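My notes follow in the order in which I looked.

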2 protein chains.
Amino acid sequence: MSKYLKIIGKEAKKAIKSKVDSKTKNKVLNSFLLLLTKNQNKILQENKKDIKFAKKNKLKANLIDRLVLNSKKLVSIKKSVEDIIKLEDPVDKILENWKRPNGLNIKKVSTPIGVIAVIYESRPNVTSDISSLCFKSGNAVILRGGSEAINTNKILSLLFRRALIANNVNPNFVQFINDRNRKVVDFLLAKMTKEIDVIIPRGGKSLVKKVQTISKLPIIGHLEGICHTYIDKDADLKMATKVLHNAKLRNTSICGATETVLFHKKIIKKFCDIVLKNLQDSNCKIIGDKLTRKFFKGKIYPAGNKDWSTEYLSATISAKSVNNCDEAIEHINKYGTSHTECIITKNKKTAQKFIKNINSSIVMHNTSTQFADGGEFGFGGEVGISTNNLPPRGPVGLNQLTSYKYEVRGKGHIRK
Amino acid sequence: MSKYLKIIGKEAKKAIKSKVDSKTKNKVLNSFLLLLTKNQNKILQENKKDIKFAKKNKLKANLIDRLVLNSKKLVSIKKSVEDIIKLEDPVDKILENWKRPNGLNIKKVSTPIGVIAVIYESRPNVTSDISSLCFKSGNAVILRGGSEAINTNKILSLLFRRALIANNVNPNFVQFINDRNRKVVDFLLAKMTKEIDVIIPRGGKSLVKKVQTISKLPIIGHLEGICHTYIDKDADLKMATKVLHNAKLRNTSICGATETVLFHKKIIKKFCDIVLKNLQDSNCKIIGDKLTRKFFKGKIYPAGNKDWSTEYLSATISAKSVNNCDEAIEHINKYGTSHTECIITKNKKTAQKFIKNINSSIVMHNTSTQFADGGEFGFGGEVGISTNNLPPRGPVGLNQLTSYKYEVRGKGHIRK
């Protein structure tokens with residue numbers, strides 16, 4: 001196994017030596033689209049193998065749901081590739097350009113990062129999305145998908161490689177690790193520092209935790225998304241009700257879903273019952289502190305300290321009262337995970353205070369936290385959301401998969 | 001010790017909770033300047049203690065040189081602070097601003113990184129430079145200077161803290177670890193992941209290697225600077241001679257000094273003797289491959305394979321012939337350390353090829369590699385030069401000590 005992985009790493013490093021121009025990049029993506037259409041039956045057949053195997057192994061229904069491909073899901077996979085084709089090539093862009101007093105010209109120019117290894121769980125669309133994003137940003141990618149989806153991932157990555165070959169591009173820009181062995185991940189993380197430049201873990205908490213513990217490589221990603229919506233004393237009740245419902249319940253399993261709602265003490269009496277009932281009517285479980293329990297007339301469970309640091313990823317929300325915006329900020333910076341937070345208020349000054357003092361990668365005003373997504377940001381999808389303090393932060397899409405270098409041009413300049 | 005360090009870390013995290021406005025930042029830096037002038041004698045006294053101790057411990061003469069402060073060096077320390085005052089506040093700048101088709105407004109806004117720990121060796125100017133850069137970029141800094149300079153570093157950091165207090169700013173934006181114990185570094189690197197956001201090692205190879213091996217934190221820095229100057233077949237002989245002399249010999253102990261010169265085979269006969277003699281006349285030792293040994297008439301030592309990956313940091317250069325620009329690029333990407341490389345040529349096309357295909361953080365054309373420096377780039381000095389593939393890369397000055405967040409503003413937007 002170790003020999004096989006080392007070869008994959010070396011081939012990836014070799015691939016990025018050749019610079020692919022923007023036109024060819026899009027030609028490859030178009031060929032991939034064609035191949036996805038031509039091979040639809042084959043793809044669905046391979047996917048059926050995975051489903052069969054998953055059912056045999058009694059995988060949970062929601063996990064099987066994620067795994068299933070059908071013609072509708074394939075349309076959405078192709079739509080993502082089409083979106084990426086439309087985006088400008090992010091490499092070799094002049095980001096800054098200045099002249100020094102001595103006449104030296106300095107340009108900051110975007111470059112690929114290098115070799116990116118992505119470790120992900122069951123969703124097969126990730127194979128297509130990430131291959132397309134990494135390739136268009138000039139990076140080579142090494143894919144390690146969830147073993148439940150191995151056949152689907154294999155065929156999708158194979159088609160991408162065929163698209164590369166058809167356009168005379170080194171197919172090793174995209175490589176898929178065809179090995180179910182769990183030790184693959186450990187080896188990638190600890191023994192491939194020369195071959196891999198960055199690791200992107202995309203999956204549940206245990207996967208990310210493992211990556212963070214073992215990795216000797218820079219990591220782009222996030223462990224949890226404990227996102228907050230704070231309803232200020234100057235909030236519009238109707239807007240708060242509507243936005244929170246979407247932020248919590250539109251899709252409870254994504255990292256941008258709100259997990260805790262904070263109410264300003266001054267409006268909790270008026271707001272809390274209406275806002276929370278609206279969630280409960282959609283089968284959301286409510287867990288609250290003393291004040292919310294006092295004012296919410298529906299069924300409500302008492303919140304323990306642990307609730308403020310729990311990512312439910314389900315139709316459950318914790319609710320808490322705060323004395324003011326400062327207290328909301330303090331609570332969020334303490335219990336949050338630097339992912340996404342929102343304030344609902346009509347007061348611009350309060351909104352500004354919240355936005356500036358929250359440490360998270362994404363801070364919102366009067367918006368559902370579920371917009372925390374590379375596609376929604378216009379980034380052509382995302383390989384994930386980073387809660388690192390150093391760049392890239394937030395949704396990591398096409399432009400965020402680049403780094404930069406400095407080009408310095410002189411006329412025989414020497415330093416004094 | 002561990003308790004003391006944990007307190008320092010927690011105090012740093014507390015300090016960055018308060019946002020300091022641009023005006024106050026500059027007030028603090030101006031107070032610091034005043035205090036440096038007022039306390040000049042005191043500073044020189046403290047420095048003398050370090051020198052005395054260093055001599056007693058038989059520190060090498062060049063290390064003592066680095067350690068010495070005098071009124072001239074103090075002027076240059078103050079000049080750096082003045083330069084930083086003149087630079088725009090890098091925090092809270094709108095880096096990007098766009099509207100989504102659904103009307104959501106998204107801004108990418110610069111933020112401080114957080115708490116930065118800097119581990120550095122003897123030069124006392126680092127204490128002042130780094131404190132000023134980190135503070136102006138909104139970060140809290142934890143300083144761990146070389147034990148040889150402990151008294152000098154202590155007084156300099158103390159004066160910075162007085163400047164903070166005098167302007168009602170939390171003094172813990174700058175903290176100095178007053179403990180010579182070598183285990184301090186190990187503890188910082190491995191046990192302070194909650195309190196420190198990034199580590200900057202600034203010093204020799206063994207220090208950086210240690211940091212890279214132990215650290216659980218993101219690192220900004222570089223291990224070595226094996227920088228190259230490639231003299232192309234279309235180079236101007238006079239320019240090549242002059243630029244290489246500066247690139248190698250202006251200051252042999254900085255990371256941007258050229259360590260290897262590559263000659264295009266077509267000009268080696270004509271160029272090599274003149275270019276290398278010019279170095280040898282300034283007491284540079286020449287180590288060469290077969291062809292350079294053939295054409296250079298002065299004293300030349302045979303180069304072994306090891307020479308291509310040696311950072312001499314002294315008046316020694318290795319010289320090699322290459323068949324063409326492609327071979328130069330290949331050699332550099334193989335043996336270089338992603339720091340700084342230069343091509344000397346009149347041919348713009350060849351220069352472009354070199355610049356685009358070299359993987360280093362800084363790539364130059366007709367310029368001395370010694371310009372690889374934050375001050376020379378106009379960055380208001382630097383905390384170091386990063387050879388990471390991920391940002392920040394290259395010289396890390398004021399702007400590079402920031403990260404960013406996304407501010408998303410809506411009007412009750414919900415996601416479909």
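**Strand pairing across the chains**

I began at the contact between the chains and found strand 13 (residues 362-367) of chain A paired with strand 16 of chain B, parallel, over 5 bridges. I picked out one pair: A:V363 sits opposite B:E407 in strand 16 of chain B. I keep in mind that this is a predicted model.

Next I looked up the whole contact. Chain A puts in 49 residues and chain B puts in 49 residues. Which of them gives the most? Strand 16 of chain B does, with 11 residues. By class, I noted 20 nonpolar, 16 polar and 13 charged residues on this side of chain B.

**Domains of chain A**

I then checked the domain assignment. Domain 1 of chain A takes 2-220 + 395-407, and domain 2 takes 227-376. Their centres, over C-alpha atoms, are 34 Å apart.

**The open sheet**

I traced an open sheet of 4 strands in chain A, with the order 5-4-3-6 and parallel pairing.

Helix 8 (residues 183-191) of chain A packs on it and touches strand 3, strand 4 (140-144) and strand 6 of chain A. The direction of helix 8 makes about 150° with that of strand 4 of chain A. Helix 9 (residues 205-214) of chain A lies across strand 3 and strand 6 of chain A, at about 160° to strand 6.

**Around strand 9**

Last, I turned to strand 9 (residues 285-288) of chain A. Strand 9 runs parallel to strand 11 (residues 316-322) of chain A, with 4 bridges between them. A:K285 faces A:T316 in strand 11. Strand 9 of chain A also pairs in the parallel sense with strand 10 (residues 301-302) of chain A, over 2 bridges. Here A:G288 is opposite A:P302. Which hand does the β-α-β unit of strand 9, helix 12 (residues 290-295) and strand 10 of chain A have? I noted it as right-handed.

Methods. Residues numbered from 1 in each chain as written. Chains lettered and ligands numbered in written order. Predicted model: local features only at pLDDT ≥ 70, side-chain atom pairs only at ≥ 80, totals over all residues. Domains from an automatic or database assignment. Pairing = 2+ DSSP bridges. Right-handed = clockwise from strand over helix to strand, strands pointing away. Contact = placed C-beta atoms within 7 Å. Nonpolar A, V, L, I, M, F, W, Y, C, P; charged D, E, K, R; others polar. Axes fitted to C-alpha atoms, helices over the stretch in contact; angles between N-to-C directions.
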